[in-house]
Structure formats: structure tokens, C-alpha cells
Amino acid sequence: MQHYRERLHPSLWVYLSTALVLPASTIVFAPLTTVPGVLIGIAVGLVLYAGIVVVLVTTSPVLEVTEKEVRVGRARIPKELVGDCRAYRGEDAALQRGRLLDARAYLCIRGWIDPVVNMRIADPQDPTPYWLVSTRRPGDFIDAVTMR
């Protein structure tokens, strides 16, 4: 039974900024000849942009919490091995992703999602001290992970 599921899709501004491939490819192909070069540039730009969108969507990780397991991207851990969870936003989230980050931590962070959740790992044999996970709904994610 699934308690929580979230796909970390890119934000709208990521799609808009990658759309700059359209005018860029048009500018590259425009000097070839007047009309066909512009049309070729637009066609190449549309194909490149479609490819970028497909890659962004298909590589978006999924957060999923079931009765027994937490899955973050390709990583999985039994719920009983997850310790304390804390949510961070704004400057605190930036500190967690930056200066306070432990190099041994498992990361699933996305720059277009501000909140992060720090999940402590309670397994003494695991060298990973915690998982740092981006989520748009940190409260719901923590509730699902800590529900036993």
C-alpha cells in the first residue's frame, strides 16, 4: 500500500529557459539562405527542445513511501532503518545542501525545488549518515516516512 508518491518534475522556469534552444538554433541556421535556413533552424530547434523535455521528464526521480519501504530515486531503505526526519526551507535548506553537507550523505536534490528533508539513517552498519531529499511537500513526506 502506497502512502506517498511524488515525482520531482522540473519547474516551469526550467522548461522556459531550455526553450532558448529555439532561437539559438534559428540563429545558427539562418545564414545558410534566407527562408530555408530559418525554417531548418526552427525545425532543428523544435527537435532539440522536444528531446530536452523528454530527458527532463524521464529522468525526474520519484519519491515513494509504502508501509515497509522508502524509495528515493533508485535508492531504497526499510522504514524501520529511518531515524529522525527534519524539513528545511530557504536559507536553512541552502545550508543543508552546501556548507553543512556531509560528503557521505545520499543526495537526491534538485535545484528547482527549495525544500529539503534530512532523513537520518538508524542502521549502525550503514556508512551513510543521512539522506538529503528535495521535495515540494516536506510535511507530507515526513508524515509518510515516520508513520509506522
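Residues are numbered from 1 along each chain as its sequence is written, and side-chain values use heavy atoms, with hydrogens and water left out. In this predicted model, local features need pLDDT of at least 70 and side-chain atom pairs count only at pLDDT 80 or more, while totals for chains, interfaces and linings use all residues.

Four strands form an open sheet in the order β1-β2-β3-β4, with antiparallel pairing (strands are DSSP runs of E, at least two residues, and helices runs of H or I, at least four, numbered from the N terminus; two strands pair if DSSP finds at least two bridges between them). The edges are β1 (2-7) and β4 (75-78), each with a single partner strand, so one side of each has no neighbour in the sheet. Five bridges join β1 to β2 (residues 62-66) in the antiparallel sense, and Glu6 stands opposite Leu63 in β2.

Six salt bridges are present (a side-chain nitrogen of Lys or Arg within 4 Å of a carboxyl oxygen of Asp or Glu). Among them, Glu69 and Arg76 meet at 3.0 Å, N to O. Arg76 is exposed at 51% relative accessibility, whereas Glu69 is partly exposed at 28% (buried is under 20% relative accessible area, exposed over 50%, partly exposed in between; 1.4 Å probe, protein chains only). Arg97 and Asp114 form a salt bridge at 3.8 Å, N to O. Arg97 belongs to helix α4 (residues 90-97) and Asp114 to the loop between β6 (106-108) and β7 (116-121), so the pair ties together parts 17 residues apart in sequence. Arg5, Glu64 and Arg71 are linked in a salt-bridge network.
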